[in-house]
Each structure stands twice: as structure tokens, then as C-alpha cells.
Amino acid sequence: MARISVQTGNFDVGAEFAALTGGRTDIGGIGCFVGTVRGPVAAMTLEHYPAMTKRAVTDIVAEAERRWSLLGCTVIHRYGRLLAGENIVLVLAAAAHRQPALDATAFLIDWLKTKAPFWKKEEDAEGATSWVEARVEDDHAAARW
Amino acid sequence: MADVEAPMTVLYFAWLRERTGTAQESVTPPADITTVGALIAWLVERGPGFASAFANRRAVRCAVNQEFADPATHIGPGDEVAFFPPVTGG
């Protein structure tokens, strides 16, 4: 049921929204999260573990579907070099009511940040690079679920 | 047991890849290397890049056959073992 994609190219939030909800009348709410590259970094390069990533994301989505009655779900995560302002990740979760839609969306992005094998390298305007360090706040956010 | 001699595949990501200078390699450690922790101890003896990559073991995460694992996880011939920093996606 869920649409999961790990890709280099951008995604169209409107098109993904329409694909999730088109022709349906059972959905009462859709949670949406879009993560983007925040300045002042000039760019970010995301590396991932291809053999593991799809499975890890699929497992995270399955856990969301186990916890909430979702009527649809979309997770798209980009990798490669992304410029400031570009999209990184999209999470859509559709349910009959707002609370499961919003909670599942927050759960999905919290777990993606801490349990999917992606690594970010930041690049400043001079081209100097540094690996982003994992934040303990993200572990706490993931642990609250 | 035909696969006893099968090598392990070891993958390195992010700064572990940079410090080891290696993205992927096949290794055949001694038969008594049966856990991730023992494999790390064996790998760090192979050169300064590996020693540097694993200098702070608490900053290293691992997966065995694409599942998150830990130093006590059992490994054997033919397994795929990956080393990487804590993940920072999303």
C-alpha cells in the first residue's frame, strides 16, 4: 500500500499528494512533512547504504502501519548532492482522522532520522565539507514513540 | 562445508569510508573471528587508516547482512558486515 522511494531526483509534493488521495473518499486527514536543506550550508551530500536502505525504510513504514490505522503512506528520501533549499525527504500519512495522520507522520520522520542508513555531509560556500553529527535530541525524539 | 572459506564482505560508509580509504572489500579473517567486535580488533591491525576509523568505537555503528547489529553479533563466512557513523538522514 505504501509508496517508498529512495532516489536522486526531486519529488513533486502536489503530485505525490494527488497520487495518495486521488479518487478516495475514506481519507479524513493527511499529515505531510517535507525536509529541506537549510542554509547557511551551500549544499549537502547524502550517502546511503543501498542494499539496506529500502529494507530499513520499509520496516519503519510497516511499524507505522502496525501502530496506526493508515489509509495510505508515502516516503521519498533523496540522496546525492542537494543544494540549499532543495527537498530531502517527503513523508505523507493518510488516515480517517487527524491524530493518527499527524502522529504517524511525526513517528515516520523521527524514526527515519535515527534508523535509516543515510549520512549527510555539509558543504559551505567555500567548498569546505564536514560530516553532520547525529544529535541526541533526534534519539530522544525517536525514543518517545 | 563448501562455504567455510567464503570471504566476508566489509563495507564502510561516510567518514569510515574516508579514513579507511575503502568503500567495500572482501576479507578472510582467521576462523576465530566470530563476532563484529573481534572483526574490528582484527581490522584495526591492518593499518593507520583502519586504526583511525575505529579509534572511537562508540562512534561506530554496524550492520550484519543489512540489519543493525552490535559488537557481540555473530558473524561468519559469506556475511556482509557494514561499518558507519550514527545515521543522520531525514
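1. In chain B, 57% of the contacts with a separation of 6 or more are between residues 24 or more positions apart. The model is a predicted one, and the points below should be read with that in mind.

2. Chain B contains three helices and five strands. Along the sequence these elements follow the pattern β-α-β-α-α-β-β-β. The radius of gyration of chain B is 12 Å, close to the 12 Å from the globule rule for 90 residues, so chain B is as compact as a globular protein of that length.

3. Along the principal axes, the C-alpha atoms of chain B occupy a box of roughly 40 × 30 × 20 Å. Of the 90 residues in chain B, 27% are buried.

4. Ala51(B) is part of helix H3, which covers residues 48–53 of chain B. Why does Ala51(B) count as partly exposed? Ala51(B) has 14 C-beta neighbours inside 10 Å, and partly exposed is the class between 12 or fewer (exposed) and 20 or more (buried). Ala51(B) is 34 residues from Pro85(B) in sequence, and their C-alpha atoms are 15 Å apart in space.

5. Turning to chain A, strand S4 (residues 70–78) is mostly covered, with eight of its nine residues buried. Strand S1 (residues 3–7) of chain A pairs with S4(A) in the parallel sense, over five bridges. Strand S6 (residues 87–95) of chain A pairs with S4(A) in the antiparallel sense, over seven bridges.

6. Which residues are the bridge partners of Val75(A)? In S6(A), the partner of Val75(A) is Val91(A).

7. Chain A also has an open sheet of four strands in the order S5-S3-S7-S8, with antiparallel pairing. Strand S5 (80–83) and strand S8 (129–131) of chain A are the edge strands, each pairing on one side only. On average, neighbouring strands of this sheet are turned by 25 degrees against each other, direction ignored.

8. Within that sheet, strand S7 (residues 118–123) of chain A pairs with S8(A) in the antiparallel sense over three bridges. Glu123(A) stands opposite Thr129(A), which belongs to S8(A).

Note on methods. Residues are numbered from 1 along each chain as its sequence is written. Chains are lettered from A and ligands numbered from 1 in the order in which they are written. This is a predicted model: local features need pLDDT of at least 70, side-chain atom pairs count only at pLDDT 80 or more; totals for chains, interfaces and linings use all residues. Two strands pair if DSSP finds at least two bridges between them. Helices (H or I, at least four residues) and strands (E, at least two) are DSSP runs, numbered from the N terminus. Axes are lines fitted to C-alpha atoms, for helices over the stretch in contact, and angles run from 0 to 180 degrees between N-to-C directions. The radius of gyration is taken over C-alpha atoms; the globule rule is 2.2 Å times the number of residues to the power 0.38. Two residues are in contact if their C-beta atoms, placed from the backbone, lie within 7 Å.
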